[in-house]
Amino acid sequence: MAISTSTLILFVIIYLAATFYVAYLGYRKNSQTDGYMLAGRGVHPAIMALSYGAAFISTSAIIGFGGVAASLGMGLLWLVFMNIFFGIFIAFVVFGPPTRRMGLNLGAITYPEFIGKRFQSKFIQAFSGILIGIFMPLYAASVIIGAGRFLETSLGINYNIALIIFTIIIASYVIKGGLLSVMYVDAMQAILMLLGMGFLLVFTYVKLGGVVEAHQALTSMSNLVPQALIDQGHRGWTSMPEAGSPIWWNMISTIIMGVGIGVLAQPQLAVRFMTVKDDRSLKRAVAVGGPFILMMAGVAYVIGALSNVYFYRTMGMISLQVVPDGNTDLIMPTFLNHAMPEMFVTLFMLSLLSAAMSTAAAQFHTMGTAIGYDVYQQSIMKGKSTATVHVTRLGITFTILVAVVLAYILPGSIIARATAMFMGLCTSAFLPLFIGALFWKRTTKAGATVSLVIGSLSSLFWLTFVHAKEAVPLGICQAIFGKETLLAGTWTVVDPILIATPLSLLALVAVSLMTPQFSPEFLKKAFSRRFEDEEEKSEAASQKKVESTGV
């Protein structure tokens with residue numbers, strides 16, 4: 001069923017009107033600094049979970065990693081398990097409650113400020129803000145690229161124009177409305193994403209003859225794997241790569257571990273723990289967040305792999321052969337436009353835009369607060385500037401421009417790679433520090449500082465001089481040392497997360513044991529449960545009143 005241009009425009013107008021209306025509802029409630037930066041600390045658990053999930057799952061998952069699944073196969077489903085177990089259950093139940101309580105105790109309103117105040121270090125706050133401000137635009141650019149590529153292939157819009165339009169729409173409500181606007185829009189967009197992915201899953205299986213037939217067909221296509229991939233360890237789209245092969249290392253260390261565990265240390269996600277009113281809200285959010293991630297990431301990876309069956313039946317080629325230059329970023333958009341009804345492609349475009357907008361909005365807000373609030377207002381101005389919201393808006397604007405510039409210059413097949421790079425960097429820099437902040441009172445200021453610096457620098461060093469996927473294209477190692485990578489063999493496919501994170505953790509423990517710990521008074525304040533106790537007493541009193549009066 002073809003859809004007219006006028007109908008398409010009407011759909012887009014309705015969608016944008018709903019987006020701006022929901023953003024306005026959030027804006028009305030967060031005129032103060034705490035509201036703009038942290039959504040007022042009273043967000044409903046379902047809103048938080050949907051916002052968290054929508055901020056996490058973006059075009060990088062649907063377009064980027066869906067394309068990777070088309071290339072490497074369903075082994076990526078292990079990433080779905082990691083995302084749900086670590087990214088939802090461990091995050092909400094283990095990390096979330098102490099983060100919420102400590103953030104409230106210390107009066108922190110951003111992630112860099114949270115770890116900075118926990119370790120009484122302006123350096124940690126500023127260094128973290130700079131790290132986020134410099135490297136998160138790479139991740140944000142990958143999200144923008146995913147949206148631009150889909151608009152390009154589905155609507156025939158010039159890629160460069162698509163990038164600009166998409167970015168302007170997001171910037172308009174992120175800059176003005178703050179975090180609560182972002183979270184309200186995220187929740188609305190998450191519902192659209194669920195509807196779109198649900199239909200995509202059902203329609204694909206129907207198109208391919210059912211669940212069993214589709215998967216059997218994909219299994220029987222193992223003889224069609226290109227020789228270049230076979231040489232790197234590919235054993236078919238329904239099998240894991242050969243253990244120890246380059247593809248296996250890429251899938252396990254970079255994708256499954258880098259992204260699967262790296263979600264725990266994502267600043268734009270961790271800050272959402274501080275937006276709910278109590279610990280029980282976080283635990284209730286698991287029931288919403290888990291199924292959402294399963295539907296979004298799980299469907300994307302399954303459909304990406306099954307696209308090989310569709311293209312082989314209709315064109316006699318596997319997915320990598322259908323798209324120009326084997327660009328995996330184009331596989332999912334191409335599949336959607338060829339296999340799906342035109343009406344669905346249009347509606348799914350809104351779901352995909354929702355995924356991209358929700359993640360990009362979270363990234364823009366986090367980057368802007370890092371530069372505007374943590375670096376400029378708190379570190380450079382020593383907290384003396386009173387124009388916090390204004391400065392943060394300027395920071396958001398600046399980082400958006402940087403992300404757009406990167407989106408224009410980054411190469412093809414970059415979406416999944418850029419996502420994994422940023423998440424891996426965050427894991428090495430922030431995860432040991434985050435764990436020490438929440439669960440080990442013996443962690444010292446010096447230990448946290450050294451851990452942060454070593455984790456960051458060792459990760460960047462490995463990316464630049466050893467890990468071939470980045471070192472070779474960058475060419476820095478070649479220019480300085482006359483060879484593509486400093487090390488050879490298996491080392492060149494080992495992701496930085498496996499090197500830098502243990503070094504960061506070891507530095508945290510070793511230096512903390514050798515340096516003075518914080519005073520008992522400060523630790524008591526940081527780890528206090530007084531707000532939680534007050535909430536429980538208040539709720540108990542309310543419940544007692546209801547039981548006694550029936551009102």
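A residue counts as buried when its relative accessible area is under 20%, and as exposed when that area is over 50%; partly exposed lies in between.

**Figure 1. The whole chain, a predicted model.** By that cut-off, buried residues make up 59% of the 551 residues in the chain. The secondary structure comes to 24 helices and zero strands. The chain exposes about 20900 Å². Carbon and sulfur atoms supply 67% of that area. Among contacts with a separation of 6 or more, 83% join residues 24 or more positions apart.

**Figure 2. Helix 5 and its bend.** Helix 5 covers residues 77-106. At Ala91 this helix bends by about 60°. Gly107 follows helix 5. The phi of Gly107 is positive, near 70°.

**Figure 3. Phe85 and Phe86, an edge-to-face pair.** The whole structure holds 25 aromatic pairs. One of them joins Phe85 and Phe86. Their ring centres lie 5.1 Å apart, and the planes make an angle of 85°. Phe85 has 33% relative accessibility. That value falls between the cut-offs of 20% and 50%, so Phe85 counts as partly exposed.

**Figure 4. Phe92 meets Phe273.** These two rings also form an edge-to-face pair. The distance is 6.2 Å centre to centre, with 85° between the planes. Phe92 belongs to helix 5, whereas Phe273 sits in the loop between helix 12 (267-270) and helix 13 (279-315). The pair therefore ties together parts that are 181 residues apart in sequence. Phe92 is buried, with a relative accessible area of 0%. Phe273 is buried as well, at 2%.

**Figure 5. Val271 and Thr99 across the sequence.** Val271 is placed in the loop between helix 12 and helix 13. Its relative accessibility is 9%, so Val271 counts as buried. Along the sequence, Val271 and Thr99 are 172 residues apart. In space, 8.5 Å separates them, C-alpha to C-alpha.

**Figure 6. An aromatic cluster of Phe and Tyr residues.** Which residues form this one aromatic cluster? The members are Phe95, Tyr111, Phe114, Phe430, Phe434 and Phe439.

**Figure 7. Lys441 over a ring.** Lys441 lies over the face of Phe527. The distance from the ring centre is 5.0 Å.

**Figure 8. Two cysteines, Cys426 and Cys477.** Is Cys426 buried or exposed? Cys426 is buried, with a relative accessible area of 2%. Cys477 is buried too, and its value is 0%. The structure holds zero disulfides.

**Figure 9. Gln120, with a positive phi.** Gln120 is a residue other than glycine, yet its phi is near 50°. Where does Gln120 lie? Its place is in the loop between helix 6 (111-118) and helix 7 (122-155). With 44% relative accessibility, Gln120 counts as partly exposed.

**Figure 10. Asp325, with a positive phi.** Asp325 is not a glycine either, and its phi is about 60°. This residue is found in the loop between helix 14 (319-322) and helix 15 (331-339). Why does Asp325 count as exposed? The relative accessibility of Asp325 is 82%, and the cut-off for exposed is over 50%.

Notes: Residues are numbered from 1 along each chain as its sequence is written. This is a predicted model: local features need pLDDT of at least 70, side-chain atom pairs count only at pLDDT 80 or more; totals for chains, interfaces and linings use all residues. Side-chain values use heavy atoms; hydrogens and water are left out. The bend at a residue is the angle between axes fitted to the seven residues ending there and the seven starting there. Helices (H or I, at least four residues) and strands (E, at least two) are DSSP runs, numbered from the N terminus. Rings of Phe, Tyr and Trp (its six-membered ring) pair if their centres lie within 6.5 Å; planes under 30 degrees apart count as stacked, over 60 as edge-to-face and the rest as tilted. Buried means under 20% relative accessible area, exposed over 50%, partly exposed in between (1.4 Å probe, protein chains only). A charge sits over a ring if NZ of Lys or CZ of Arg is within 6 Å of the ring centre and within 35 degrees of the ring normal. Contact means heavy atoms within 4.5 Å. Accessible areas come from the Shrake-Rupley method with a 1.4 Å probe; for residues, only the protein chains shown count as cover. A disulfide is a pair of cysteine sulfur atoms within 2.5 Å.
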